[in-house]
Amino acid sequence: PILKTKIKKINKLDIKELLKRKNFTRNIDEIFKSDSFLYNSEEIKFLSPIKAKGKVSVKDNLVVLDIEVSTTLELTCTRCLDRYNSDITINIFEEYSQDTKQENTDVTIITEDYIDLLKVIQDNIIVSLPIKKLCEDGCKGLCQSCGVNLNHEECKCSKDDVDIRMAKLKDLFLSDKEV
């Protein structure tokens, strides 16, 4: 028989329930479904369910989340603006407390009675994205003059197009060749 995995739209960890136990560990093996989210005006789409595996544990008044997340994203290339698929796997290790006097600066103070795992995953995906998202290492980008995608076709723009602020330098280099 084929086992079907339960897909949850939103999964929240109940902090009040967890903090009732002083030392406790619970395994997490969940699959989340999400369509997309916005980051810097870019839509980041999930092309596959989000798989999260790890554990949540409680030590005194500290909730520790330690999970590995994997999914496939659809991103926009920063050079050519084409959409492309990117498989990602990230490790998330975060500590939470409701104690506002917590001295450890790495601990996130939470005011709600829950941790929204999908929000935590999305925030960590944003942090893990490269500054320059490239569809491929050798992406040629767009022509600065006509805007054609140089990965798909060659533009017909003049190759001698020189910025007028640099025209005198071009003349200098041409005079060196004539000598």
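Reply: Happy to! Let's begin with a term: a patch is made of residues with over 30% relative accessible area and no salt bridge, and nonpolar side chains are joined within 5 Å. Do keep in mind that this is a predicted model.

Me: What makes a nonpolar surface patch here, and which residues form it?

Reply: Met-166, Leu-169 and Leu-172 make a nonpolar surface patch of about 280 Å². One of them, Leu-172, sits in helix H3, residues 167-178.

Me: Why is Leu-172 called partly exposed?

Reply: Its relative accessibility is 46%. Buried is under 20% and exposed is over 50%, with partly exposed in between, so Leu-172 counts as partly exposed.

Me: And why is Lys-133 called buried?

Reply: The cut-off for buried is under 20%. Lys-133 has 9% relative accessibility, so Lys-133 counts as buried. You will find Lys-133 in the loop between H2 and H3.

Me: What does the side chain of Lys-133 make a polar contact with?

Reply: The partner is the side chain of Glu-42, at 3.1 Å; a polar contact needs a pair of N or O atoms within 3.5 Å. Leaving aside residues up to four places away in sequence, Lys-133 touches Glu-42, Leu-75, Thr-76, Cys-77, Thr-78 and Tyr-84.

Me: How do you know that the span of helix H2 agrees with its number of residues?

Reply: H2 covers residues 117-128, which is 12 residues. The expected span is 1.5 Å times one less than the number of residues, so H2 should span 16 Å, and its end C-alpha atoms are 16 Å apart, which agrees.

Me: What happens at the start of H2, and which of its residues are buried?

Reply: At the start of H2, a side-chain oxygen of Asp-116 comes within 3.2 Å of the backbone nitrogen of Leu-118. The buried residues of H2 are Leu-117, Leu-118, Val-120, Ile-121, Gln-122, Asn-124 and Ile-125.

Me: Why does Ser-34 count as buried?

Reply: Ser-34 has 11% relative accessibility, so it counts as buried, the limit being under 20%. Ser-34 lies in the loop between strand S3 (23-32) and strand S4 (36-39). Setting aside residues up to four places away in sequence, Ser-34 touches Phe-46, Ile-50, Leu-118 and Gln-122.

Me: How many helices and strands does the protein chain have?

Reply: There are 3 helices and 10 strands, in the order β-β-α-β-β-β-β-β-β-β-β-α-α along the sequence. Of the 179 residues of the chain, 34% count as buried.

Notes: Residues numbered from 1 in each chain as written. Predicted model: local features only at pLDDT ≥ 70, side-chain atom pairs only at ≥ 80, totals over all residues. Heavy atoms only, no water. Helix = DSSP H or I, 4+ residues; strand = E, 2+ residues; numbered from the N terminus. Buried < 20%, exposed > 50% of the residue type's maximum accessible area, 1.4 Å probe, protein only. Polar contact = N/O pair within 3.5 Å; in protein donor to acceptor, adjacent residues only side chain to side chain. Patch = residues over 30% accessible without salt bridge, like charges linked within 9 Å, V, L, I, M, F, W, Y side chains within 5 Å. Areas by Shrake-Rupley, 256 points an atom, 1.4 Å probe, with all protein chains shown as cover. Salt bridge = Lys/Arg side-chain N within 4 Å of Asp/Glu carboxyl O. Contact = heavy atoms within 4.5 Å.
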